[in-house]
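Please look through the structure shown here before reading on, turning it until its helices, strands and side chains can be told apart. The explanation that comes after it is meant to be read with the structure in view.

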Amino acid sequence: MKFTLSWLKEHLDTEAGVAEIAEALTDLGLEVEEVTDPAARLGAFTLGRVLKAEPHPDADRLRVCEVETDRGVRQIVCGAPNARAGIVAVIAHPGVYVPGIDVTIQVGKIRGVESHGMMCSEREMELSEAHEGIIELPSGEVGERFVDWLAAHDPGKVDPVIEIAITPNRPDALGVHGIARDLAARGIGVLKPLSAEPVPGVFKSPIGVVIDPALKAKGCPHFTGRMIRGVKNGPSPAWLQARLRAIGLRPISALVDVTNFFTYDQNRPLHVFDADVVKGDLRIHPAKGGETIAALDEKSYSFAPGMMVISDDAGPESIAGVMGGAQSGCSDDTVNVFLESAWWDPTTIAMTGRALKVNSDARYRFERGVDPMHTLQGLEAATRMILELCGGEASEVVQDGAPLVSDRAYALDTDRVQSLVGMDIPAATQRATLEALGFRIEAGMAHPPSWRPDVLGTADLVEEVARVASLTKLEAKPMKRSVTGVPRPILTQLQKREQVARRTAAALGMNECVTYSFIDAAGATLFGGGTDATRVANPISSEMTHMRPSLLPGLLQAAARNQARGFADLALFEVGAVFSGGEPGEQEILLTGIRVGHTAPKDVHGTRRPVDVFDARADAEAVLAALGAPARVQLPRDAKGWWHPGRSARITLGPKLVLGSFGELHPKVLAAMDVKGPAVGFALHLAAVPEPKSRSTTRSALVLNDLQAVERDFAFVLDADVEALSVVNAAQGADKALIQGVRVFDEFVGGSLGDGRKSLAITVRIQPVDRTLTDEEIEAVGAKVVEKVAKATGGVLRS
C-alpha cells in the first residue's frame, strides 16, 4: 500500500514529518517497507542565474555560460538550446550526484573549455521525462536550495511516498483514510471526517440492477449504481495524475482515474460502464459455466459454474468484484456512464481470482474485506468528483439488496490489558482509544466498526488498545514462580532425548537438516507411504502432496542438491516427525542420518574409503548409547524394502521392541532420488528406547578397579550363516559379573574347514572384582564361554 505525505494530510490534520509518521506506522503494526523522499536526493542542488551565454569556440551546439551561484560566478558549458542570459536554472556543483544520469559531477574540459558544474533538466533530476532543455524557473534567489523552491511552488514533485506492508487482517488500512485513523488514535494529528453529503439525482436511471436471489444471502448482498450523463471524458487533472503516478499507477482517463483514486483513498473499489454500450439492466448472477468475456487487461476468460458475473441483456459485462469487461469500458468518446459500487463476498472473490488467475486492485481489496456500510457513501463521493471533473448530471441511485449488517459486541474488561499484555493503561484511556478507532462503547460492551472484520473477541480489543498505546512501552518483568525454590524441569523425557540425539549426531561430524514434512507421492511410496491416509487435502504444490513416512526422502533430496553443486561427501541428520496417518497418535519422532560418498578427503596415507554399513551401525550405536539404550541388542536382517537386503538390519530388544534400522540404502532408491555413490544411513525411534529403571539427577559413581584384567582368546568352528553377534552375545552372557567385554578379531571361511563352515575368533576380557582370580577360576569362566557358545550357535572350539 503506497500513499504520499500530502495525500495522508488530506485525511489527517497534523504537523508531523515523514520520519515521525513512518516510525508511528511501524509501531502501530503497519510496517513501513520503504520511504521514497525526492527531497533527499535533490538536497544538494541550488539555484543560479545565467549572467552571460556565448557560443562555444569549437562546437556549434554548446554555449559557454557565466552563472552566478552560491559559490560565486562559475563557468559552465551547456548544450541545452534554452541556455541564455537572464534565466534562473538549477545548478549541480562539482561533487554533486545527478540521479537521472547516475553521474557525480566533476570539474572537466568540454571541447577544450573548462566547466565547473552542470545546469540540469527535469529528466536528469528524475522529476519528469522532459529533457528538451534545462529547467527554467520563473522565480528564485541565487543560492536557494532547489527542494525549498519546489516545496513552496510545486510541492507535488518533492512529496514523500510511503509504502507499508498490509497484513491480511487489516483491510481497513488499504485506504489512506484508514491509515490516518490509526495515526489519529495514536495522537499524531486529528482525523478529518469524510464528506457524506449525497448528490441529488435529477432523473431516473435508465439502467436498473437486479441481484440473483441465490447471491443475496452471501455472494453480493448489496449493489448500488447510478447513471451520469453528458460527461466529457479525457485526461484527469494534473494533481490526480501526479498522485496516481506517485504510487505507481498509470493515469488513463478522468473517469477511470476517479475509480482508482477512491480504491486507494477510501478502500472503495468502483467500476464505470459505458452506459451507451450496456443493453438493458445489469444482472448480478452466478455463472452457468462456459460464458466468456474479454476483460480490460486484453485477455479472454471463461467462467466456471458458480462464479459471480455482471451481465446485461447481451451477455457478461464484468467479472464481478475482479475486473470489468473491455466492451463496456470507458473511452475518450464516452458520454454517458454507469457508476457501480457494490459489496462482494471475500471468499467467492478469492476463489474466482485464483481460478481465473486474475490480479487486480479490486480483487486484492474485496477478498480481504471492504467496509459493507461504505458502499453507498463511496458511490456518492465518486459521483461528486466525476461531476466536478467531467461535468454532466447524475441520475437517482438504483440499488438492490441492503448493506450486510454485522453488529458484533464484546465485553470491555479494562483489567484484561494488564493480565494479557502486562501494560497498565487507565480505563478511560482504553475507552478513548477504542472510540478513536471507530468502536462504539455502550453499557460496558464494545461494538467494532463495520470496517474491522478482524475484531472477533475480547482479546482483539486488548490488542487494539495495546498497539495504539505502543508495545515499545511494555516493561520486561520476570514471571512469578508458582512455587518457591528451584523450579522443576519442564522438558519431557522425549524432548530431552531429542536434545541428546542432536548433540550426539553433531558430535559424530554430521550436519543437521530441517526438511519439509510434505513430499511428493512417488517419494512417499518409495518409503512405505503414499496412501490416502497421509494425503494432504489442500497441497501447496504437486511436490508436497503427502505427509512424509520417513525422514530419508528429505535427507536424500538434500544430498542430491549438494552433489549437483559439487559436494560429493556428505554426513546429514534430522530429528523430526514421520507420519503413518492423519489422526492423533499416527506420528512419531525419529532421528535419521545418512552418510554419502567417502569417509574423508584424499590424503597421502590412503585413509579415504567409501562409506559402508559399519559406519551406519557405528553411528546408530553411538546415539543409542548416549540415549541410555541397553548395549546388548539383536540385529535381525529383515529391514524394510528401501534398505539393501544383504547389508542392513533392524536394531531390536526382543521380537517386538524395535529401536531402529541401519544399513546401505537400496540402489533403486538412490537412483530414484538421483543420489550418486555409496550411501548408508540409520533411523532410530527415540520413544522406543526404554527408560532407565532408576531415575536420578546425578551420575552413578565411577567404578575403578585396581585388579589386572585377563584376556582369553577362543576360536569356534561354526556354520557359515551364523552371525558373529550371536557368538558375542552368547559369550557375554557366560558370566555377567566377570566378563567385561567380548570382541571379534578374526574370521576364516572355507579352506580346510570345508564348504559352509567358518572359524570365528573372539577375545573375552575377564575383570576380577574383589580379588585376583586363580587359574582354576579363569578356566571355569572359559569353560562357561565354550558351553554358552556351543548351546547358542552349535559351534565347537577349534583345535
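Predicted model: local features only at pLDDT ≥ 70, side-chain atom pairs only at ≥ 80, totals over all residues.

Residues are numbered from 1 along each chain as its sequence is written, and side-chain values use heavy atoms, with hydrogens and water left out.

Helices (H or I, at least four residues) and strands (E, at least two) are DSSP runs, numbered from the N terminus. A residue is called buried under 20% relative accessible area, exposed over 50%, and partly exposed in between, with a 1.4 Å probe and protein chains only. In strand β16 (residues 222–229), 7 of the 8 residues are buried, so the strand is largely enclosed by the rest of the structure. Two strands pair if DSSP finds at least two bridges between them. β16 pairs in the antiparallel sense with strand β24 (residues 337–343) over 7 bridges, and there Phe223 stands opposite Ala342. With strand β26 (residues 398–401), β16 pairs in the antiparallel sense over 4 bridges, and His222 stands opposite Gly401. β16 also pairs in the antiparallel sense with strand β25 (residues 393–394), over 2 bridges, where Glu393 is the bridge partner of Arg229.

Arg181, in turn, lies over the face of Trp451, at 4.0 Å from the ring centre.

Which residues of helix α13 (residues 427–436) are buried? They are Gln430, Thr433 and Leu434, and, seen down the axis, the buried residues of α13 fall within an arc of 95°, so they line one face of the helix; the arc is that of the directions from the helix axis to the C-beta atoms. α13 is followed by Gly438, whose phi is positive, near 105°.

In helix α15 (residues 493–507), Arg497, Glu498, Ala501, Thr504 and Ala505 are buried, and these fall within an arc of 140° seen down the axis, so they too line one face. An α-helix has 3.6 residues a turn, so residues three or four places apart point the same way. The face of α15 turned away from its buried side carries the exposed residues Arg503 and Ala507. After α15 comes Gly509, with a positive phi near 90°.

The structure holds 8 aromatic pairs, a pair being rings of Phe, Tyr and Trp (its six-membered ring) with centres within 6.5 Å, stacked if the planes are under 30 degrees apart, edge-to-face if over 60 and tilted for the rest. Trp239 and Phe261 form an edge-to-face pair, 6.0 Å centre to centre with 90° between the planes. Trp239 lies in helix α7 (residues 238–246) and Phe261 in helix α8 (residues 254–265), so the pair ties together parts that are 22 residues apart in sequence. Trp239 counts as partly exposed at 40% relative accessibility, whereas Phe261 counts as buried at 5%. Trp7, Trp239, Phe261 and Phe262 form one aromatic cluster.

How values were computed:
Lys NZ or Arg CZ within 6 Å of the ring centre and 35° of its normal.
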